[in-house]
Amino acid sequence: MFRFRRLALAALIPAAALSLGLPEALAQTPSPATPSPATSSPAPAASASPSPAPSATPSPAASASPAPAAAPSPAASASPAPAATPSPAASASPSASPTAPPVQTADPFGLEATLEARKVVMVKGTANWDSAFDTLIDAFKALNTLLDKQGIKAAGNAMVVYTSTDDTGFTFLAEIPVEQDPKNLPKDMSIGKSPEGKVLKFVHRGSYDNMDNTYEAITNHLDDKRLEAKDTFIEEYLTDPLKTVEDKLVINVFVPLK
């Protein structure tokens with residue numbers, strides 16, 4: 001089974017060790033409580049003389065304290081009233097949430113499809129993984145320059161057919177569908193037909209470099225379904241790679257099956 005090779009790096013640093021500080025701090029708090037026997041010894045000495053004097057003074061203070069205590073109670077009763085007002089605001093937020101789900105949830109993943117052959121003008125190339133996307137962009141620019149000079153409009157989305165890959169790079173055909181044959185083609189360009197036949201369709205959204213995750217998911221899908229793919233695959237650029245910000249690309253990935 002074909003496995004797509006790209007450069008990718010991921011690192012996860014657990015922060016669970018930080019949580020150990022809390023139990024240690026809590027474990028230290030009872031330790032100062034242990035000197036309580038030491039504090040209990042001076043307690044009887046102090047309780048003999050000052051006990052009568054302070055006992056008379058706190059009693060009126062205590063009588064005054066309940067009076068203000070009654071005052072905050074109505075204030076507390078008023079506080080829940082405004083607390084009820086944010087609740088409708090919270091109820092409004094979920095109403096907006098249904099519009100939030102991204103379109104990716106509706107994208108097909110592993111959908112069976114059939115490609116029809118189309119007339120294309122193509123250029124053959126070789127690229128290294130480090131500069132893969134720049135090489136593909138140069139190929140599309142060359143094809144578009146040829147078509148623009150001859151006043152020929154593209155009849156479909158730009159495509160890339162990967163014909164072989166290894167650890168260092170890959171060979172490819174960059175293709176643009178056309179309805180009429182361009183003339184005076186350079187040596188590295190030709191007229192031909194796009195791939196046809198039964199395929200599985202996947203969708204990638206984001207930059208070209210981030211396609212590692214998509215191809216890993218494709219590989220896992222093929223393994224789970226016990227499907228065997230051919231040693232080639234096709235990318236159809238639904239967004240113009242020459243005009244679209246790279247992290248906004250939308251690409252159909254077609255995987256032909258054996």
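Trainee: Which residues do ring pairs link into a cluster?

Mentor: Keep in mind that we're looking at a predicted model. By the ring-pair rule, the count here comes to eight aromatic pairs. Some of those pairs join up, and the cluster they make consists of W129, Y162, F170, F172, Y215 and F233.

Trainee: Let's zoom in on two of those, then. Are the rings of Y162 and F170 stacked, tilted or edge-to-face?

Mentor: Start with burial: Y162 and F170 are both buried. A stacked pair needs planes under 30 degrees apart, and an edge-to-face pair needs over 60. The planes of Y162 and F170 stand at 55 degrees, with the ring centres 5.1 Å apart, so the pair is tilted.

Trainee: What about F109 and F202, what kind of aromatic pair do they form?

Mentor: A ring pair is described by the distance of the centres and the angle of the planes. For F109 and F202, the centres are 4.8 Å apart and the planes are at 80 degrees. Since over 60 degrees is the cut-off, the pair counts as edge-to-face.

Trainee: On to charges! How many salt bridges are there?

Mentor: Let's name them as we go. D107 pairs with R205, K119 pairs with D181, and E228 pairs with K258. The count comes to three.

Trainee: How far apart in sequence are the parts tied together by D107 and R205?

Mentor: The closest N and O atoms of D107 and R205 are 2.6 Å apart. D107 sits in the loop between helix 10 (86-96) and strand 1, and R205 sits in strand 6, so the parts they tie together are separated in sequence by 98 residues.

Trainee: Where does D181, the partner of K119, lie?

Mentor: The N to O distance between K119 and D181 is 3.1 Å. K119 lies in strand 2 (residues 119-128), and the pair ties together parts 62 residues apart in sequence. As for D181, look in the loop between strand 4 and strand 5.

Trainee: What is the relative accessible area of K258, the partner of E228?

Mentor: The closest N and O atoms of E228 and K258 are 3.2 Å apart. E228 is partly exposed, at 45%. K258 is exposed, with a value of 62%.

Trainee: Last one: near what value is the phi of R226?

Mentor: Most residues other than glycine have a negative phi. N184 has a positive one, near 50 degrees, and N184 is found in the loop between strand 4 (169-177) and strand 5 (189-193). R226, in the loop between helix 12 (211-225) and strand 7 (233-237), also has a positive phi, near 55 degrees.

Key. Residues are numbered from 1 along each chain as its sequence is written. This is a predicted model: local features need pLDDT of at least 70, side-chain atom pairs count only at pLDDT 80 or more; totals for chains, interfaces and linings use all residues. Side-chain values use heavy atoms; hydrogens and water are left out. Rings of Phe, Tyr and Trp (its six-membered ring) pair if their centres lie within 6.5 Å; planes under 30 degrees apart count as stacked, over 60 as edge-to-face and the rest as tilted. Buried means under 20% relative accessible area, exposed over 50%, partly exposed in between (1.4 Å probe, protein chains only). Helices (H or I, at least four residues) and strands (E, at least two) are DSSP runs, numbered from the N terminus. A salt bridge is a side-chain nitrogen of Lys or Arg within 4 Å of a carboxyl oxygen of Asp or Glu.
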